[in-house]
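Here's a quick walk through one model, written for someone who likes cut-offs spelled out. Have a look at it first, then read on.

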Amino acid sequence: MRNFSAPVTDRKIRFAIVGCGRIAQNHIAALKTHADRAEIVGVCDNDPDALLNASRLTGADAFSDLKSMLARCDADVFVLTTPSGLHADQAIDVARAGRHVMTEKPMATRWSDGQRMVKACDDAGVRLFVVKQNRRNATLQLLKRAVEQGRFGRIYMVNINVFWTRPQEYYDSATWRGTWEFDGGAFMNQASHYVDLLDWLIGPIESLQAYTATLARNIEVEDSGVVSVKWRSGALGSMNVTMLTYPKNLEGSITIIGEKGTVRVGGVAVNEIQHWEFAEPAPEDADVQKASYATTSVYGFGHPLYYDNVIRVLQGEAEPETDGREGLKSLEVLIATYLSARDGRRIALPLNY
C-alpha cells in the first residue's frame, strides 16, 4: 500500500508548468477554468521567449531550468509538457524532490523509462498522473459505458483510423520533433491517445503485428503505419495511422462491431457519434446527439475535465483516473508496435518485465 501526502483542503492546489510550448497552452487554459481550486505558481522553459510569454500569460514565477525551479518553487504538482524523451528523467527528479508529477503523453519513449518513472514515484510516495484527456470527451465516455454495460455482447472487430496531416514545417519547427530519442513517430506522438483506446475500451491485448514507414517526411521516425491486433477476448482489429493526409486532418475514428451492437465514433478527433445501434435500447441512447461536438482541434476538450480529477485526488475526494500504471498500458502497446515493425514479427503481450 502506497502512502501519499495528506490531502490539501485549506488552500488551492499549486501547479508548475515545465515546458512552455504548444501543448502547455492547453494546460494553462484548463487550469484557468479551475481558478477557484487551483493556481499556476511557476513556469519553466529554456527558451527565453516562450518562458516570457508563459510568465506574462499566467503571472507565475519564471525559471529557466528544472533544478532551480524545484529548489525555489512551492508547487504541489509539476506538469511535464516537455519533449517526450525528457519525461522520464524529469519525472524522477521531481519525485525525488517530493513533489507530485503529471506528464503529457506519451509518458516516456522507452519501456524501461516508463517503469523507472513509476518506481521513482512509488519510492518517493508521490502521485504520478499521465494525461489521457481524450478519455474524458463526451463521445468516448458514452462509448465506454456501453462497453462496460455489455451492450455489444461479444465484441468481434475494432478499427481505429487516424488520418491527419503534419507538414514538413511542423517537424522542422523544433530540432527534437521527429526524432527517436525525444519524440517518436506517428503512433507514439500524434496517435498516442488512440493507441490508449485499444486497451482502455476493449481490454488486454494478446498480440499484435505492425508495419511502419517513412513515406514522405524527412524525419527519423514513421509518418505512417498499420497494426493488426488480437485481444485476449478473441476480438480482432486494426489501427491505421498516417500524418500524410491531403490537404488537412481528415479523421480520427473508432468503429466497434459486436454481437449485439455496432458503433462508429468519427469526425476529425472522435468528436462525432456517426452510428449507434444496439439490439436492446438503453437510457443512454438519448444522450447520443448531444454527446457529439464541434471541434477545430485534435486535442478535444478533455484537459479541464482531466484536471478536475487531479485536483479532486489531491483534495482527498477521488482516485486517479490515469496514474502511472494506467499510463504504462498504452506505452506497452506502443513499444510492442515498434518492436513488431522493426523485427517483422508478431509480438505477444505482456512484454517481458
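## Ground rules

This is a predicted model, so to speak of local features we need pLDDT of at least 70, and side-chain atom pairs count only at pLDDT 80 or more, while totals for chains, interfaces and linings use all residues. Residues are numbered from 1 along each chain as its sequence is written, and side-chain values use heavy atoms, with hydrogens and water left out.

The largest nonpolar core has 86 residues. Such a core is a set of buried Ala, Val, Leu, Ile, Met, Phe, Trp, Tyr and Cys residues joined through side-chain atoms within 4.5 Å; buried means under 20% relative accessible area, exposed over 50%, and partly exposed in between (1.4 Å probe, protein chains only). Phe78, Leu143, Met239 and Ile254 have the most contacts inside this core. Apart from it lies another core of 28 residues, with Ala24, Ala60, Tyr306 and Ala318 among them.

Who does methionine 239 touch? Skipping neighbours within four places in sequence, its contacts (heavy atoms within 4.5 Å) include Ile160, Val162, Phe187, Tyr194 and Leu198.

## A buried arginine without a salt bridge

Arginine 99 sits in the loop between α4 (87–96) and β5 (100–103); helices (H or I, at least four residues) and strands (E, at least two) are DSSP runs, numbered from the N terminus. This arginine 99 is buried yet has no salt bridge, a salt bridge being a side-chain nitrogen of Lys or Arg within 4 Å of a carboxyl oxygen of Asp or Glu. The nearest side chain of opposite charge is aspartate 74, 6.5 Å away (Lys and Arg count as positive, Asp and Glu as negative; His and the chain ends are not counted).

What does the side chain of arginine 99 reach? The backbone oxygen of cysteine 73, at 2.7 Å. A polar atom of the arginine 99 side chain also lies 3.1 Å from the backbone oxygen of alanine 75. Beyond four places in sequence, arginine 99 touches residues including Leu70, Phe78, Val94 and Val126.

Strand β8 (residues 205–213) runs antiparallel to β14, and 2 bridges join them. Leucine 208 has isoleucine 347 in β14 as its bridge partner.

## A helix residue

Alanine 120 belongs to helix α5 (residues 111–124) and is buried, at 14% relative accessible area. Leaving out residues up to four places away in sequence, alanine 120 touches Ile92 and Ala95.

## Salt bridges

How many salt bridges does the structure hold? There are 19. In one of them, arginine 37 meets aspartate 308 (2.8 Å, N to O). Arginine 37 lies in the loop between α1 (24–32) and β2 (38–44) and aspartate 308 in helix α11 (residues 303–314), so the pair ties together parts 271 residues apart in sequence. Arginine 37 is buried at 18%, whereas aspartate 308 is partly exposed at 25%.

Lysine 290 and aspartate 287 also meet in a salt bridge (3.4 Å, N to O). Lysine 290 is exposed at 66% relative accessibility, and aspartate 287 is partly exposed at 24%. Elsewhere, salt bridges that share partners link Asp89, Arg110, Asp113 and Arg116 into one network.

Technical notes
A polar contact is a pair of N or O atoms within 3.5 Å; within protein, one must be able to donate a hydrogen and the other to accept it, and residues adjacent in sequence count only if both atoms are side-chain atoms. Two strands pair if DSSP finds at least two bridges between them.
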